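Please read them with the structure open beside you.

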Amino acid sequence: MNIKNSLSRQTGNAMVIALTLISVAAVVTLTSMRGSMLQEKMVANQNVKAISFMAAESGAASFTKWLKDPSTTWNSTGWQTTIPTTAAGAPNVGSKGYYWISPGDVSWGANSVTLKVRGYAKSDSSANANAKTTFQITLTKPTAGAGSGIYIGSGMISGGTMNLNGSKNINGSLYANGNINLNGNTTITNGTVNSHGIVNVNGVSGALINQGVPTISVPTIPPSFFSTMNTQADVRSCLLTLIGDQNGKIFYCSGNVTLIGSFSNATIVSTGDVSMNGSGTLGGSGKSSTAVTVAIVAGGNVNFNGATNNYSVVWTNGDYNH
């Protein structure tokens, strides 16, 4: 038997098998590396796209906030003092997000404004972007529109019948899916009286009264809203005495709240009724002196007592009595 030749053949076969296994392992490794690199690129692309999207959203929110400020003048350039008009400058969303609105992309109409908000994800101050997102939005003028039957802007809205007693000066519009009864001297400023039913009022010009307008959906306050406000509350109490600027605090009551004092810049949330002996006033820290900065939210009724002027946004699932 030729033992030497047999061993040589076995050694050669082992080498072939080893080289084959190494080649397969190398191919698998390279494929895996390529796949990992591709996934990293995909994740990176998704990340920069998300940044540009969030930047565009932030720009749209900034313009909307400016437009809704009571001190804002319609068809003005005032937004340019707080919103960039080019992609240059420092990032305004994180370290790589930029939003901006070109003045040429803002088109004002009589009752609406259309604009483009651009969001960029960039790694430097150049005009080159890793990802771009553009929103085109249309916003309605935040004031009451006459004769349209649609409630827009400041004022009062009710899913049922609205009854207001005593002398009153109402700045804004009234809208009710039921009837509107205005008893006593009534002055309407910057608004109209709109009812799906019948309007009973003396001393108000017929040009400001719209009857038989279409009904609209009036949202109720969901339980989830109260849960959220509870977690975000600065103070939890059902007996509140508030004087002056409250610096944007949220006051939460699980039940009926009694509110005393004249104050501004606060949100009052009650799962039950709100009884207010006092008034909401205008302005507050960091706010326009003409801005309404008091919000009252109630799962039950809201009762304002006395003849004091009250500047408040009120949202209630029950009745409103003033």
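**Notes on the predicted model**

1. Start with Ser195. Leaving out residues up to four places away in sequence, Ser195 touches Ala176, Gly178, Asn179, Ile180, Asn210, Gln211, Gly212 and Val213; contact means heavy atoms within 4.5 Å. Ser195 lies in strand S11 (residues 193–195). Helices (H or I, at least four residues) and strands (E, at least two) are DSSP runs, numbered from the N terminus. Ser195 counts as buried because its relative accessibility is 0%. Buried means under 20% relative accessible area, exposed over 50%, and partly exposed in between (1.4 Å probe, protein chains only).

2. A word on the basis. This is a predicted model, where local features need pLDDT of at least 70 and side-chain atom pairs count only at pLDDT 80 or more, while totals for chains, interfaces and linings use all residues. Residues are numbered from 1 along each chain as its sequence is written, and side-chain values use heavy atoms, with hydrogens and water left out.

3. Next, strands S3 and S4. Strand S3 (residues 112–121) and S4 run antiparallel, joined by ten bridges; two strands pair if DSSP finds at least two bridges between them. Ala121 stands opposite Ala131 in S4. Strand S4 (residues 131–140) has a covered face of Ala131, Thr133, Phe135, Ile137 and Leu139. Its uncovered face holds Lys132, Thr134, Gln136, Thr138 and Thr140. In a regular strand the side chains alternate between the two faces of the sheet.

4. Now the cores. A nonpolar core is a set of buried Ala, Val, Leu, Ile, Met, Phe, Trp, Tyr and Cys residues joined through side-chain atoms within 4.5 Å. The largest has 19 residues, and Phe63, Ile101, Val113 and Leu115 have the most contacts inside it. H1, S3 and S4 each supply at least two residues of this core. H1 gives the largest share, six residues. Leu115 touches, among others, Phe63, Ile101, Phe135, Ile137 and Leu139. A second, separate core of 16 residues includes Leu242, Phe251, Cys253 and Val294.

5. Last, Ala266 in strand S17 (residues 257–270). Which state does Ala266 count as, buried or exposed? Ala266 counts as buried, because its relative accessibility is 1%. Beyond its neighbours within four places in sequence, Ala266 is in contact with Gln246, Lys249, Phe251, Thr293, Val294 and Ala295. Ala266 and Gln246 are 20 residues apart in sequence but 5.6 Å apart in space, C-alpha to C-alpha.
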